[in-house]
Amino acid sequence: ADNTKGGLALAIVDEEQRFGVRQRQVLTNCAANSLFMSATPIPRSISLMRSGLMDSTILQSENRHVETTIVTSDNLEKVVTVLQKKIDAGSKCFWVLPRIQGGDDSHKSNVIERYNVLVTAFGKERVCCIHGQMNVKDREEELARFSDSSSEVAVLVGTTVIEVGIDIPDVNILIV
């Protein structure tokens, strides 16, 4: 029996965050089965998993303890309060959002608004911001400020451009 759609039995997509919703749909429609992989929690995929529309498997790492906490955007103040304690203790954080600006402003779910909220909470010297609409020079300067272990910058707010080839070992918190 032919169990393929469009000629493919299985489509495997690594780094799923690099694909848009329409691109993922095209891949899904071309194959009888699809496997999407990512080390970065993708908000849309998390939503699909929580609603039962996508199965998930989490691979555990032997190297270090990973703590995962799921909170809704209604708890932003609580997240900021906990993050304040963590960065005061020396932690660094990537905060990834799906949009640069616009969207559901009631929860400040875009990079520009979240950056402003965090600057108000922590101060401009502790927060920086990057996204794909910035010129490369500005993006590199912000990354250098965040990467510098002697810098006070503790939170980098951005879109998924954060994860593309960035390796900053001091970062131990990821908020998506």
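This is a predicted model: local features need pLDDT of at least 70, side-chain atom pairs count only at pLDDT 80 or more; totals for chains, interfaces and linings use all residues.

Q: What makes Cys30 partly exposed?
A: The relative accessible area of Cys30 is 31%. Buried requires under 20% and exposed over 50%, so a value in between is called partly exposed.

Q: Is Cys93 buried or exposed, and how do you know?
A: Cys93 has 0% relative accessibility. The cut-off for buried is under 20%, so Cys93 counts as buried.

Q: How do you know what span to expect of helix H3, and what span does the helix reach?
A: Helix H3 covers residues 76-88, which are 13 residues. The expected span is 1.5 Å times one less than the number of residues, and for H3 this is 18 Å. From its first C-alpha to its last, H3 reaches 18 Å, close to that expectation.

Q: Which residues of H3 are buried, and what puts them on the same side?
A: Leu76, Val79, Val80, Leu83 and Ile87 are buried in H3. They lie on the same side of H3 because they cover an arc of only 95° around the axis.

Q: What covers these buried residues, and what does the opposite face of H3 carry?
A: The cover includes strand S3 (92-96), helix H4 (111-122), strand S5 (155-158) and strand S6 (171-175). The face turned away from the buried side carries the exposed residues Glu77, Lys78, Lys85 and Asp88. Just after H3, Gly90 takes a positive phi of about 105°.

Q: How many aromatic pairs are there, and why is the pair of Phe94 and Phe146 called tilted?
A: The count comes to one aromatic pair. Phe94 and Phe146 lie 5.6 Å apart centre to centre, with 40° between the planes. Centres must lie within 6.5 Å to pair; planes under 30 degrees apart count as stacked and over 60 as edge-to-face, so the rest are tilted.

Q: What makes this pair a link between distant parts of the chain?
A: Phe94 belongs to strand S3 and Phe146 to helix H5 (residues 136-147), and the two are 52 residues apart.

Q: Are Phe94 and Phe146 buried or exposed?
A: Phe94 has a relative accessible area of 12%, and Phe146 has 0% relative accessibility. Buried means under 20%, so Phe94 is buried and Phe146 is buried.

Conventions
Residues are numbered from 1 along each chain as its sequence is written. Side-chain values use heavy atoms; hydrogens and water are left out. Buried means under 20% relative accessible area, exposed over 50%, partly exposed in between (1.4 Å probe, protein chains only). Helices (H or I, at least four residues) and strands (E, at least two) are DSSP runs, numbered from the N terminus. The arc is that of the directions from the helix axis to the C-beta atoms. Contact means heavy atoms within 4.5 Å. Rings of Phe, Tyr and Trp (its six-membered ring) pair if their centres lie within 6.5 Å; planes under 30 degrees apart count as stacked, over 60 as edge-to-face and the rest as tilted.
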